Amino acid sequence: MAAVLAGRTVGWRSAGLEAGQVTWRDVVASWPQPLETDRARVHDPDSVGVVITGPEETELSVVLFRGGWADVDFVASLDDAGSCPALDVASASDFEARLDQWVARVFGVCGDAH
């Protein structure tokens, strides 16, 4: 996921979106497991996540778990907020395609912003 996000950041910025720092969670860390922004501090990652923000307080939060699912929450407007279905993510390319759909759903721009 981190590579997918890195490949999208420039396009998102040109579309007026901002990606926050990527975070990782280590499965072997004691509870509550902290979110780390330094990948080197995570020995056995079980999730990676990011929050993308846009104009007028729009927001998309995506956390991909190594089990093949993601938590995807969004605020597109005061009257349009919720979660997107994200089960059975099969591969990096599958995740990339879904991320593009989620970004388009929330921000109304192409996921890769090209």
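A residue is called buried when its relative accessible area is under 20%, exposed when the value is over 50%, and partly exposed in between, using a 1.4 Å probe and protein chains only. The structure is a predicted model, in which local features need pLDDT of at least 70 and side-chain atom pairs count only at pLDDT 80 or more, while totals for chains, interfaces and linings use all residues. Residues are numbered from 1 along each chain as its sequence is written, and side-chain values use heavy atoms, with hydrogens and water left out.

**Helix α2**

- Helices (H or I, at least four residues) and strands (E, at least two) are DSSP runs numbered from the N terminus, and helix α2 covers the 16 residues 92–107.
- The expected span of a helix is 1.5 Å times one less than its number of residues, and for α2 this gives 22 Å, which agrees with the 22 Å that separates its end C-alpha atoms.
- The buried residues of α2 are F95, R98, L99, D100, W102, V103, V106 and F107.
- An α-helix has 3.6 residues a turn, so residues three or four places apart point the same way.
- Taking contact as heavy atoms within 4.5 Å, the buried residues of α2 pack against α1 (2–14), β4 (45–53), β5 (59–65) and β6 (69–77).
- Just after α2, G108 adopts a positive phi of about 75°.

- A salt bridge is a side-chain nitrogen of Lys or Arg within 4 Å of a carboxyl oxygen of Asp or Glu, and a search of the whole structure finds eight of them.
- R8 counts as buried at 9% relative accessibility, whereas E96, at 28%, counts as partly exposed.
- R8, E96 and D100 are linked in a network of salt bridges, and D100 is also among the buried residues of α2.

**Other salt bridges**

- D46 forms a salt bridge with R25, the closest N and O atoms being 2.7 Å apart; since D46 lies in strand β4 and R25 in strand β2 (residues 23–26), this pair ties together parts that are 21 residues apart in sequence.
- D46 is buried, with a relative accessible area of 11%.
- R13 and E18 meet through their side chains in a salt bridge of 3.4 Å, N to O, where R13 counts as partly exposed at 48% relative accessibility and E18 is partly exposed at 39%.
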